[in-house]
Amino acid sequence: MVAGGSDPDEALLTGVGRGDPAAVRQLLDRRLPRVLALARRMLNDAGEAEDVAQETFLRAWKQARSWRPGAAKFDTWLHRVALNLCYDRLRRRREVVTAEPPEQVDTGPAPDAGLIGADLSRQVEAALAALPARQREAIVLCHHQGLGNIEAAALMSITVEALEGLLGRGRRALRTALADLAAPRA
């Protein structure tokens with residue numbers, strides 16, 4: 001059941017179900033950035049994140065006609081679909097054995113701009129990627145996606161207390177992994 005009454009996406013979803021292009025555009029504008037951010041943080045790969053976002057919205061469009069208002073918030077459902085797709089990709093990554101890592105194109109800023117920021121960002125993303133999957137999921141949902149503990153716990157199918165435990169362990173692990181960043185630089 002949707003807590004607190006109405007779902008802010010319900011009217012748009014009805015429009016999507018009727019094939020209204022304006023509703024599709026508006027729903028994409030509203031939800032795509034959050035889905036992309038979630039997938040980027042979970043997968044640490046912009047290309048895969050775009051693929052996950054595309055698949056997530058394809059599923060949303062298919063679901064739109066049969067969506068039951070009041071059963072769940074659309075945003076929560078959308079996050080669950082995106083997370084499941086991310087976990088599918090993470091499982092496939094573990095199954096692929098390669099002799100050498102694939103070459104990756106650097107899509108970041110030019111070498112003379114933002115080197116320090118890019119380095120810090122890489123360290124934070126690497127520390128986040130090194131967390132156990134459930135801790136990373138809790139951190140991403142609460143700190144990067146801005147979900148409240150109750151909503152994130154429901155999305156993860158755990159209690160709020162269990163979520164808080166995951167958040168605490170994740171924060172401590174990140175603090176330890178990033179301790180060098182907090183130390184004063186000479």
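Which residues does A23 touch, not counting residues up to four places away in sequence? In this predicted model, A23 touches L12, G15 and V16 once those sequence neighbours are set aside.

**The setting of A23**
- A23 has its place in helix 2, which spans residues 21-43.
- With a relative accessible area of 4%, A23 is buried, because that value falls under the 20% cut-off for burial.
- D9 lies 14 residues from A23 along the chain, and the C-alpha atoms of these two residues are separated by 9.9 Å.

**Helix 2 against helix 6**
- Two packed helices are described by the angle between their axes and by the distance between those axes.
- For helix 2 and helix 6 the packing angle is about 145°, and the axes are 10 Å apart.
- Helix 2 passes helix 6 in a right-handed crossing, and the contact is made by L38, R41 and M42 on the side of helix 2, together with R136, E137, V140, L141 and H144 on the side of helix 6.
- Sorted by class, the residues in this contact of helix 2 with helix 6 are 4 nonpolar, 1 polar and 3 charged.

**Helix 6 against helix 7**
- Helix 6, covering residues 133-144, packs with helix 7, covering residues 149-156, at an angle of about 140°, and their axes are 10 Å apart.
- That angle makes helix 6 oblique to helix 7, because only angles over 145 degrees count as roughly antiparallel.
- The crossing in which helix 6 passes helix 7 is right-handed.
- From helix 6, the residues R134, E137, A138, L141 and C142 meet N149, A152, L155 and M156 of helix 7, and the residues of this contact divide into 6 nonpolar, 1 polar and 2 charged.

**Cysteines**
- A disulfide is a covalent bond between the sulfur atoms of two cysteines.
- With a disulfide taken as a pair of cysteine sulfur atoms within 2.5 Å, the count for this model comes to 0 disulfides.
- C86 counts as buried, at 0% relative accessibility.

Terms used. Residues numbered from 1 in each chain as written. Predicted model: local features only at pLDDT ≥ 70, side-chain atom pairs only at ≥ 80, totals over all residues. Heavy atoms only, no water. Axes fitted to C-alpha atoms, helices over the stretch in contact; angles between N-to-C directions. Helix = DSSP H or I, 4+ residues; strand = E, 2+ residues; numbered from the N terminus. Parallel < 35°, antiparallel > 145°, perpendicular 65-115°, else oblique. Left-handed = near helix turned anticlockwise from the far one by under 90°. Contact = heavy atoms within 4.5 Å. Nonpolar A, V, L, I, M, F, W, Y, C, P; charged D, E, K, R; others polar. Buried < 20%, exposed > 50% of the residue type's maximum accessible area, 1.4 Å probe, protein only.
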